[in-house]
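Open your viewer and keep the sequence panel beside it. This tour goes stop by stop, with something to select at each one.

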Amino acid sequence: MTDESTISKLGEWLATPPGEYVRAWEQAQFDAMVADVFGYQAWQVGMPQLDALKDNRMPFKAYAGLVLPSKGTGAWQAQIQADPEALPFDAQSIDLLVLPHVLEFASRPHEVLREVDRVLVPEGRVVISGFNPWSLWGLRESIPGIDPWLPHAQAAQVSLVRLRDWFKLLGFEVERGRYGCYAPPCRTETWLQRWHFMESAGERWWPFCGAVYAVSAVKKVQGVRLIGQPWKKKKRRMPRGARVAGAASMEQAVAPQALPARDMPVDKDNR
């Protein structure tokens, strides 16, 4: 069961300067990863403070989660209250799922991914974001005697490496993955701006140490083939050496039956 109280703490943390810093980076990543995903139904699960489907062009976009969005947040066509570990969708009915920081608040994050696998259509896509436990922000959480920095349960941290392994077991193919937010854990906007140069330096020198990550994966189903009538009938191939009779060959076939007058036999008695 997902911890609803911890999810509420995430909303409070996102209103702080480091939370705004993370939300701005994740919004840019979701916008880029979902823009060219086509289908009919797209659902965002969790984190109502972020509209992760804003740039997607599917005809139906909706939200599902334990905490519903406040009025005026997002442009979803439907909103339902649901547990990410037990999504109320039919099997193979969703084309796109986005899960911002959902695995970190789930008591069984692998069960959330099993639900994702169940409801996605073949070739459907899922986009997930989360905190990187191997970053400076994540390492700060492991220092004893220091107040927690990130608003998530300690036992539910899921690294991108671990997430890739889970995707592989479920038969998903990872398309894109990226780390971001390389500034040290700072509580004020002033210090975050002073460390802004770390963004370009981090991507070049220590790309796996970003505070957050975003990853996109595609559901692959082995042995699926489209069965139907062929578009065109196959042409019959002529056997090697065959010739097509034309006008010239037809004349040659008929000519021996009509001999010229000079070649006709003459009766000796009628000479």
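Select E175 to begin. E175 is partly exposed, with a relative accessible area of 41% (buried is under 20%, exposed over 50%, partly exposed in between, using a 1.4 Å probe and protein chains only).

A word on the model before moving on. It is predicted, so local features need pLDDT of at least 70 and side-chain atom pairs count only at pLDDT 80 or more, while totals for chains, interfaces and linings use all residues. Residues are numbered from 1 along each chain as its sequence is written, and side-chain values use heavy atoms, with hydrogens and water left out.

**Stop 1: the partner of E175**

R125 and E175 form a salt bridge, with the closest N and O atoms 3.2 Å apart (the term requires a side-chain nitrogen of Lys or Arg within 4 Å of a carboxyl oxygen of Asp or Glu). This pair links distant parts of the chain: R125 lies in strand 5 and E175 in strand 6 (residues 172–180), 50 residues apart. Strands are DSSP runs of E with at least two residues, helices are runs of H or I with at least four, and both are numbered from the N terminus. R125 is partly exposed, with a relative accessible area of 24%.

**Stop 2: E123 and K220**

Stay on strand 5 (residues 120–131) and pick E123. Which residue forms a salt bridge with E123? Select K220: the closest N and O atoms are 3.1 Å apart. K220 sits in the loop between strand 7 (212–219) and helix 8 (247–254), 97 residues from E123. E123 is partly exposed at 42% relative accessible area. K220 is also partly exposed, at 30%.

**Stop 3: D36 and R57**

Now select D36 and R57. Their side chains meet in a salt bridge, 3.2 Å from N to O. D36 is in the loop between helix 2 (17–34) and strand 1 (41–45), and R57 is in the loop between strand 1 and strand 2 (60–65). The two are 21 residues apart, and the pair links distant parts of the chain. Buried or exposed? D36 is exposed, with a relative accessible area of 57%. R57 is exposed too, at 55%.

Next, select D31, K54 and D55. A network of salt bridges links these three residues. The structure holds nine salt bridges.

**Stop 4: Q29**

Go to helix 2 and pick Q29. Q29 is buried, with a relative accessible area of 8%. Leaving out residues up to four places away in sequence, Q29 touches R178 and A214 (contact means heavy atoms within 4.5 Å).

**Stop 5: two packed helices**

Select helix 3 (residues 109–119) and helix 5 (residues 160–170). They pack at an angle of about 40°, with their axes 11 Å apart. Axes are lines fitted to C-alpha atoms, for helices over the stretch in contact, and angles run from 0 to 180 degrees between N-to-C directions.

Show the side chains where they meet. P109, H110, L113, R114 and D117 in helix 3 meet L163, W166, F167 and L170 in helix 5. The residues of this contact divide into six nonpolar, one polar and two charged (Ala, Val, Leu, Ile, Met, Phe, Trp, Tyr, Cys and Pro count as nonpolar, Asp, Glu, Lys and Arg as charged, and the others, Gly among them, as polar).

**Last stop: the whole chain**

Zoom out. The protein chain has eight helices and seven strands. Of its 271 residues, 44% count as buried.
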